[in-house]
Amino acid sequence: YSAPDGIDETGGNVLVTVTDNARVTGDAILGLGNDTLNIAGATFDGDVYGDDKIAASLDDGNDTFNWTGGTWRGAFYGQNGSDTAVVSATEYDGSQILDGGDDASSADGWIDTLTLQGLTVKANGANIRNWEVVNFVNSVVNVDDLITEKVGVCGASATIGGASVIGAGGVLGCVSNDSVTITDDAVVNGPVEGAGGSDTIAILGHASVNGTVFGGGNGQDGSAAADSGDTITIDTTGTVGAIDAGLGNDTVTLNKGRVTAGIVTGSGDDAFTWSGGVTPSFNGGTGSDTAVVTAVEYDGTQLLDGGDDTSSADGFVDTLTLKGITVTANGDKIVNWENVVVDSSTVSFANNALTTGSDAGTGLAIVNGGIVDGGDTFTLTGNLNVGPTGTFQGLGGGNGVYAISGDVANNGVLTTLD
């Protein structure tokens with residue numbers, strides 16, 4: 001519908017479909033009511049207004065705009081109401097203005113939703129604006145400077161960068177395998193949830209997530225139970241509220257940044273690598289988990305918890321490797337590991353004690369030039385295996401007391417010589 005004066009005085013609900021070889025020149029003014037405009041295979045030269053071109057009306061309805069094919073040279077302005085736009089035309093290249101209307105806040109009761117579907121596109125928030133919800137479906141989208149309350153990612157790869165600000169609704173995946181990258185100076189003020197499937201989540205650059213990064217989580221479709229193993233990478237100068245990898249065999253890497261409330265990998269055979277950055281804790285949950293700590297930020301005070309217990313009878317064997325670091329650890333903070341491996345590290349224990357596995361093939365292993373310094377006194381509840389280039393030393397000045405409850409295998413240096 002197009003009103004010559006740019007104002008719809010009559011209202012009504014209008015459905016217009018432009019298709020095949022049609023050519024339209026001029027603006028479309030949908031006006032009052034709940035109106036729909038479909039562009040599907042035509043050439044459309046003009047802007048689309050969900051309300052009136054001159055001034056939006058508070059009486060405007062909830063309008064729908066679908067661009068599935070054809071050439072459209074114009075802009076969409078949803079204006080007032082809770083409007084919906086779905087763009088799947090391959091001609092969309094990110095340069096077209098898609099404007100939801102009044103603002104990007106649902107406080108006024110209006111929720112505008114934009115969906116980019118089946119596209120590969122580089123977009124910019126300057127042209128995607130005033131939407132409360134932005135969805136990427138079966139698409140590969142790279143978008144900078146996006147401002148919205150919530151982003152949905154379903155069967156898609158989404159890179160959100162620039163100075164983007166995503167609200168408390170966060171970034172939510174679905175049951176499919178999704179990829180989410182938050183980078184540059186982007187901020188997510190809610191969670192990032194991979195939901196079901198095997199998802200890849202990366203927080204990079206200077207980005208921050210003020211909520212929790214979930215490998216699973218309910219996402220858009222309540223599919224947490226279908227989570228099946230995710231890859232989460234934190235490599236940012238910013239902060240992340242927490243990490244909960246969820247179900248399945250997950251891989252979590254902390255290279256840089258601050259994880260405020262700690263890291264949990266949940267059930268499954270998970271792998272955690274801590275090469276840099278800060279976290280107060282790690283918990284592997286159930287399963288046979290591995291953790292490799294090389295970060296100089298590890299100072300021995302952080303909790304490293306393998307998950308269930310130190311017995312391999314349940315079939316779960318957790319292994320913690322302290323590699324290439326020098327640290328005075330607190331054995332009370334290294335718990336529930338069947339295996340603790342000191343690999344090319346020098347480690348002492350502030351509490352003079354450590355508990356590891358006592359079953360065959362488990363315990364404290366010292367390898368590749370690693371040194372465990374027992375100090376004046378040290379109690380190991382578990383087995384001790386000193387490798388060919390490993391050293392266990394107890395330099396107690398003649399008064400040292402060293403107790404090992406399990407078996408001792410020494411192929412390196414085991415000395416109490418001061």
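Trainee: How do β38 and β41 pair, in the parallel or the antiparallel sense?

Mentor: Strands of a sheet pair through backbone hydrogen bonds, either parallel or antiparallel. Here a strand is a DSSP run of E with at least two residues, and a helix a run of H or I with at least four, numbered from the N terminus. Two strands pair if DSSP finds at least two bridges between them. Strand β38 (residues 377-381) pairs with β41 in the parallel sense over four bridges.

Trainee: Which strands make up the open sheet, and in what order?

Mentor: Three strands with parallel pairing follow the order β35-β38-β41. Both β35 (353-355) and β41 (401-404) stand at the edges with a single partner strand each, so one side of each has no neighbour in the sheet. Neighbouring strands of this sheet are turned by 5° against each other on average, direction ignored; the axes are lines fitted to C-alpha atoms, with angles from 0 to 180 degrees between N-to-C directions. In the whole chain there are zero helices and 43 strands.

Trainee: How many aromatic pairs are there?

Mentor: A pair of aromatic rings is described by the distance of the centres and the angle of the planes. Rings of Phe, Tyr and Trp (its six-membered ring) pair if their centres lie within 6.5 Å; planes under 30 degrees apart count as stacked, over 60 as edge-to-face and the rest as tilted. The count by this rule is 13 aromatic pairs. For Phe-76 and Trp-131, the ring centres are 6.2 Å apart and the planes at 15°, so this pair is stacked. Phe-76 belongs to strand β7 (residues 76-77) and Trp-131 to the loop between β12 (128-129) and β13 (133-137), so the pair ties together parts 55 residues apart in sequence. Ring pairs also link Phe-65, Trp-67, Trp-72, Phe-76, Tyr-92 and Trp-131 into a cluster.

Trainee: Is Phe-76 buried or exposed?

Mentor: Buried means under 20% relative accessible area, exposed over 50%, and partly exposed in between (1.4 Å probe, protein chains only). Phe-76 has 0% relative accessibility and therefore counts as buried; Trp-131 is buried, with a relative accessible area of 0%. Thr-181, in strand β18 (residues 179-182), is buried at 16%. Contact means heavy atoms within 4.5 Å, and Thr-181 touches, among others, Ala-158, Ile-160 and Leu-204, not counting residues up to four places away in sequence. Of the 418 residues of the chain, 51% count as buried.

Trainee: Where is the pLDDT below 50?

Mentor: The pLDDT is the predictor's confidence in each residue, from 0 to 100. Where pLDDT is low, the predicted coordinates should not be read in detail. The chain averages a pLDDT of 93, and 95% of the residues score at least 70. Over residues 1-11 the pLDDT is below 50, yet this stretch has 21 contacts in the model beyond near neighbours in sequence.

Notes
Residues are numbered from 1 along each chain as its sequence is written. This is a predicted model: local features need pLDDT of at least 70, side-chain atom pairs count only at pLDDT 80 or more; totals for chains, interfaces and linings use all residues. Side-chain values use heavy atoms; hydrogens and water are left out.
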